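Me: I'm new to this structure and would like to understand the words used for it. Could you take me through some of them?

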Amino acid sequence: MMQVQYMKPFYTKITGDKLRLVFAYQYFSILKEDEIFHFIPIEGKEMIINLHTQQIENLSEVFVFQKGNRFIRLPLYQLLLITNVHEHLTPILESATPKPQLPLVSSATVGEIDQLITEIEKKNIDYLIDQALTDYNEALFYELLHQKSTQFGGFEN
């Protein structure tokens, strides 16, 4: 089995749900029988990875590695089968894939949140009262007034 000695994309680009990893001289090397073969971009030079499925899409792309006058030609599917390339791809994918941003957490207390919710509910009732007046809906108007007085203890704004 061959081992990936070094693997660093020369260029990465995310387009839609695809990640393109482009390799250049000396940015990719494999170890075979204690000899290091360096990548040369004479045939294939990129991996295209679907970010949703985490699958390489151009498996027939041929990568060529050289040591002196000896060459190793490996299609990507074979490179995946006989080397540990996936161990080197994982950190590259993790660093290239955008992480979802978490919203900033407010330092509001539970009491402040409860007060804010109460204010929003009051404004909502006021809006519904206005809407009932606009629609000439007397029954809904009185029902909402009753709800406001029982829920919020009065008619102040």
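Predicted model: local features only at pLDDT ≥ 70, side-chain atom pairs only at ≥ 80, totals over all residues.

Me: Why is Thr-83 called buried?
Reply: Buried means under 20% relative accessible area, and Thr-83 has 1%, so the word applies. Thr-83 sits in the loop between helix H1 and helix H2, and touches Met-1, Met-2 and Val-4, leaving aside residues up to four places away in sequence.

Me: What makes Asp-126 and Lys-148 a salt bridge?
Reply: Their side chains meet at 2.5 Å, N to O. The limit is within 4 Å, so the pair qualifies. This pair links distant parts of the chain, with Asp-126 in helix H3 and Lys-148 in helix H4, 22 residues apart.

Me: Is Lys-148 buried or exposed?
Reply: Lys-148 is buried, because its relative accessible area of 5% is under 20%. Asp-126, at 23%, lies between the 20% and 50% limits, so Asp-126 is called partly exposed.

Me: Why is Arg-73 called exposed?
Reply: Exposed means over 50%, and Arg-73 has 52% relative accessibility, so Arg-73 counts as exposed. The side chain of Arg-73 meets that of Glu-43 in a salt bridge of 2.7 Å, N to O.

Key. Residues numbered from 1 in each chain as written. Heavy atoms only, no water. Helix = DSSP H or I, 4+ residues; strand = E, 2+ residues; numbered from the N terminus. Buried < 20%, exposed > 50% of the residue type's maximum accessible area, 1.4 Å probe, protein only. Contact = heavy atoms within 4.5 Å.
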